[in-house]
Amino acid sequence: MEQTMQQRRDEILAKKAKLAELKYQRELRRQTAASRQSQGSPSDLAQPTPSRADKTRDLDMLLKGIVGERPGSTGPGSPAGGRSTRPTSVISAGQLSSDNEIPPYSSGGGMVDREMQTLSIAPLATVFEFDAEPKKEIITYSKGVQTSTEWSRSKSRGAGDSGSERDESPTRTSKANKRLSRRQKERDEEIRMSLRKEIEEEIKAAQQSSLDAGAGATGSKENFPFKTLTNEELNAVQSSDDFANFVERSTKVLERALDQQYDILADYALGGVDVDEEDEGYGSSGGKKGRRIKEIAQFWDERWSKKRMISDLGFSTKFPELVLASYTKNPSAPHDPDGLIQVWNLHMHDRPEYIFHAQSDVLTAKFSPFHPNLIIGGAYSGQVLLWDTRAKSAPVQKTPLTGSGHTHPVYSLDIVGTQNANNIISCSTDGVVCGWTVDMLSQPQEFLELTSPPPAKTEDMAPTCIAFPQSDPTYFLAGTEEGSIYPCHRYDRAGAKAGVDGRVKYAGHAAPVMSLDFHPARGQIDLGDLVLSASVDWSVKLWKVKPPAATGPSNPTAPGTSANVVEPLLSIPREDLVYDVRWSPVKPSVFALVDGSGSLEIWDVNVDVEVPVQKISPSDAKRGAFASMPSGLGYMNRSLNKLTWERNEGRRIAVGGMDGVVTVFEVGAELGGEVRGEEWSGVKRLVTRLETVGEVNGK
Amino acid sequence: MAQNAPEETLALLARISQKPGVQSTLVISRENGAIVRTSGLISNSSTANPNSTLPASLENAPDSYSNGRKESGIHSAEDVASIVWSFVGAAGILVDGLDKEDEVKLLRLRTKKNELVIIPDPKFILVAIHDTPPA
């Protein structure tokens, strides 16, 4: 026992001694290392040798081994990074500071290392953990949200949604919340209940009214959720401008919708559809299919057209379905405006699209070809008037009733020029011709007085109509009451002064010239010098006018002597007064005329120069102003004053007259529409033939 | 355009209602569906004149009209007004869904028996019920 005890004691002692020796050696090594470093550092200041660095590293390792590595302080990857950086840092520390500062420094390096690690991981963890805590705070927010959902719930309840799902949501909230919102909830419940009740009632009422027609009268009363108007409200609404404008707009739309003839839902497989109209020869007119003429619309308004005569007609250039008619006064209605223009729409049969007024009879009117909204007119008072379809019924502009403009009735006017530079040229029966700009009607831009050239007994000239050629807006023809037609210049030019050119006179008519029309000349051959004139001497005449520039040289007679009288190329006698004649805007050989017997005649000079290809009278479908008058005046009431072609297609003609009814006809393909080349040359040949005949006759 | 006096404005509506084929017309307020004017529709409250204004008051007894309605197939103005009003609303939602900046201008609703032409305006709605052309 003792032996073993002794042995153990010895062993312990030996171990102690060993430990002490180890301690001593360690102490010694530390001292030597420190001294070695302090010695070595000055020798190589900036560049430590790798061996020395290794040694110091070893030392560090040792130190670490002694002090004991903090567990988990170094990760497997970090020493590698640390090793590369540490030597320099240690040496620089050595350069600057004393020996004993090294251990804390190195441990400081370890601290840095550790800190870097914590920085890289810990923040993530803490942020993650901290998030959970604010969650509790969010509950208060959710409380706020819940109140708002409760609002929306009561709202959506109105839409008839079942609230069962939402009823659960309050139970999820905390008890405190519950307690707080209990009162509110009770209130909500009340609202909800009442809403539910209302909805149920509504549904019940709706079902009742839809199912039970008999009881619907009472059911609809409850069902109808909208307020009803009292008499006062109703009157206020009905007299408001809003209502008037709405009715104006919407009834127009409605009438157009109702007047739409074609049924787009037509099923041709069902039932026998009538034989196509084009297959049957047209009753009264007969003839070939392509030359048929058909009445498509009549316009007359009980309120406004009554006892008025149509003084002019015109199609809109922009909207081919619109046709305007100007009217004279209604002698039996002194309180209505004397002058009237109605714009009719081919798609709205019973009512004008627009109504315009004037204080004096409107004698002529037309759409401005350069501005689709503007309508210009000439009045019996001598005023030139301008209406705008965007404005009210009164003219937006009018010329003053002073000496600077017209003081006599304006029976004829035209707009000449181009899109950007155009003028209104108006002509009154005292021979005054004025030029106006559309922007300013307060004063004429041009003022010209037409006087009869010398051979006439009096200087006075009474032009009834003027006409401009397509090509030249500075030159025009004026038809007069005595029957002659004179060329006129707007401006002074070589060989001729502004005004009537006395050297040429187109004589032929024995009575007032009612209408003049230049050939529209839109084709391959220029026929722009052909003019048609209509007169109350029961004839229509075709003229070939001399170009204005050539009148001087070609005229051998000296100025002041008798004029060079030009005979018509062709004179077509008719059976009645001819009030108006117009070339077709597309067909070079076709023209139309209206006469005192109420007939519209279509002529094609390529076909025949002695009889019209078509003759038709407006039907009596609309009761005109004279419809109820005794039949003794029968021929009077049918008289047609004016006609106009639709300019774009040349398929429609509008006519109107004494009875105030506007009638629109549509002509067949041979009288309007596509034009063939030979038609132009045909007219040209005819003109040459007529010219030679004329020359032969003259000589 | 003529600035029409109220009676002329109403005459325009009367004209529409007298056009051949037109069964009934109705003007309702866009805002709340209140009936402003009606013709050709039996109303709970209006008197015999079909073109008269319609102050729909609650105290009138509607019983006398029940039989007539059943036989002729004419609906009560309130029925038509509420149905059309909601129809216009639905159409508005449809158009809104397609294009936010668009707007309903005209509704033509063809049925087997007739056609409804509905013209919505910012403040009013005009409705006409008319016979379709025989096809």
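Analyst: Helices (H or I, at least four residues) and strands (E, at least two) are DSSP runs, numbered from the N terminus. Two strands pair if DSSP finds at least two bridges between them. This is a predicted model, in which local features need pLDDT of at least 70, side-chain atom pairs count only at pLDDT 80 or more, and totals for chains, interfaces and linings use all residues; side-chain values use heavy atoms, with hydrogens and water left out. Residues are numbered from 1 along each chain as its sequence is written, while chains are lettered from A and ligands numbered from 1 in the order in which they are written.

User: What is the strand order of the open sheet in chain B?

Analyst: Strands of a sheet pair through backbone hydrogen bonds, either parallel or antiparallel. In chain B, five strands form an open sheet in the order E2-E1-E5-E4-E3, and the pairing is antiparallel. Strands E2 (35–39) and E3 (107–110) of chain B are at the edges with a single partner strand each, so one side of each has no neighbour in the sheet.

User: How many bridges join E3(B) to E4(B)?

Analyst: Four bridges join E3(B) to E4(B), residues 114–120, and the two run antiparallel. Leu107(B), for instance, has Ile118(B) as its bridge partner in E4(B).

User: Which strands does helix H1 of chain B touch?

Analyst: Contact means heavy atoms within 4.5 Å. Axes are lines fitted to C-alpha atoms, for helices over the stretch in contact, and angles run from 0 to 180 degrees between N-to-C directions. Helix H1 (residues 6–18) of chain B packs on the sheet and touches E1 (22–29), E2 and E5 (124–131) of chain B, its direction making about 145 degrees with that of E1(B). Helix H3 (residues 77–98) of chain B lies across E1, E2, E3, E4 and E5 of chain B, at about 65 degrees to E1(B). Along the sequence, the pattern of chain B is α-β-β-α-α-β-β-β.

User: Is Ile264(A) buried or exposed?

Analyst: Buried means under 20% relative accessible area, exposed over 50%, and partly exposed in between (1.4 Å probe, protein chains only). Ile264(A) is exposed at 66%, and lies in the loop between helix H9 (241–259) and strand E1 (293–299) of chain A. By contrast, five of the five residues of strand E14 (residues 463–467) of chain A are buried, so this strand is largely enclosed by the rest of the structure. E14(A) pairs with E15(A), residues 475–480, in the antiparallel sense over four bridges. Of the 135 residues of chain B, 47% count as buried.

User: Which residue forms a salt bridge with Glu248(A)?

Analyst: A salt bridge is a side-chain nitrogen of Lys or Arg within 4 Å of a carboxyl oxygen of Asp or Glu. Glu248(A) forms one with Lys252(A), with the closest N and O atoms 3.6 Å apart. Both lie in helix H9 of chain A, four residues apart, about one turn of the helix. Glu248(A) is buried at 9% relative accessible area, and Lys252(A) is buried at 6%.

User: Where do Arg351(A) and Glu255(A) lie?

Analyst: Arg351(A) is in the loop between strands E4 (339–345) and E5 (354–358) of chain A and Glu255(A) in helix H9 of chain A, so the pair ties together parts 96 residues apart in sequence. Their side chains meet in a salt bridge (3.8 Å, N to O). Arg351(A) is buried at 4% relative accessibility, and Glu255(A) is buried at 0%. A network of salt bridges links Glu248(A), Lys252(A), Glu255(A), Asp350(A), Arg351(A), Arg15(B) and Lys19(B).
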